[in-house]
Amino acid sequence: MTIAKHVRGVDDLGKDGILEILELSDHFLEVSNRRIPKVPALRGKTVASLFFEDSTRTRLSFEKAAKRLSADVMSFSVSSSSVKKGESLRDTVETISSMGVEAIVVRHKSVGVPWMLPQWTDASIINAGDGSHEHPTQALADCYTITQQLGNIAGKRIVIVGDIKHSRVARSNIKAFNMLGASVALVAPPTLLPPSIENWPVDTISDLDAAIKEADVLYLLRMQLERQEESLVPSLREYSNFYGLTLERSHMLQKSSIIMHPGPMNRGVEISGDVPDLQNALITNQVENGVIVRMAVLYHLLGSGVALAGFNQEADEDG
Ligand code: NCD
């Protein structure tokens, strides 16, 4: 097994790395179901979270994952930091790094920031979202959720619907789903597909109803209005008529098929209010699994030499 130094994009892990994280996740799922869901694996290590963009679930789940592994957590929020006083990215990273951190979890609106950080720090870098580029740990949470629910990703038809153009989740997921042998189809208005689409390992389908019928996984994306410089759809109402998942449309899914969404949801736009409550909607499972796979990622990057098998329940509860 090769151990990655960073998880900046899905390619840092590759197929074997993803499979390794999914396997480790089974172990951390078991840990998370314990009465005291904590192991000493990363005791003495420090994980810093450096969020230059808003986040709810990603930030909280990284922090929770680090704490469940007994790491120390340093949390940096731009709105209350010296970035407000004009401090550069480099100075911020060097400052945090000189306090002693083993991993930095970074979210930034600019594409490529996670790839810049290793010039200024020896810490492992984990990308929690860079612009519309990549969000690898969301892809891992989604791969784990699909595997849990459908047994396997290989051979599955995964249909991704919505604002693909601005979605880092779509980019990371398409790579990961493809590496694991799924076939991926995209459904979106042409203005919300990226110009580079010809080189992607995907099909495009224009009719959502046709795509729904063949989907094993129907994956909805948020309309990311904050990243759109111009109006790319005539109106949100028209968008939801053509591309929104209504209850009625959800009945066209095969019985075993599942509905996913990375959150935050815009109810009434890409998904109608009642759909997230359906039995086959796995949106809260994705969030739960977000903590599990992030434990696996942190352990993979920082836990070498600490044997997992040593963490039996009694010892952990004493520790
Ligand atoms: C996404 C993000 O920020 O990239 N959310 C998430 O991390 N679960 C998707 C989005 O913002 O729509």
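Before we start, it's a predicted model, so local features need pLDDT of at least 70, side-chain atom pairs count only at pLDDT 80 or more, and totals for chains, interfaces and linings use all residues. Residues are numbered from 1 along each chain as its sequence is written, and side-chain values use heavy atoms, with hydrogens and water left out.

Okay, the layout. Domain 1 puts 29 residues into the contact and domain 2 puts in 24, where contact means heavy atoms within 4.5 Å.

Now, how much area gets buried? About 2100 Å², with carbon and sulfur atoms giving 63% of that. Buried area here is the accessible area (1.4 Å probe) that two parts lose on being put together, summed over both. On the domain 1 side, Val-10, Leu-22 and Ser-132 supply 26% of what that domain buries against domain 2, more than any other three residues.

For charges, we get 2 salt bridges between the domains, meaning a side-chain nitrogen of Lys or Arg within 4 Å of a carboxyl oxygen of Asp or Glu.
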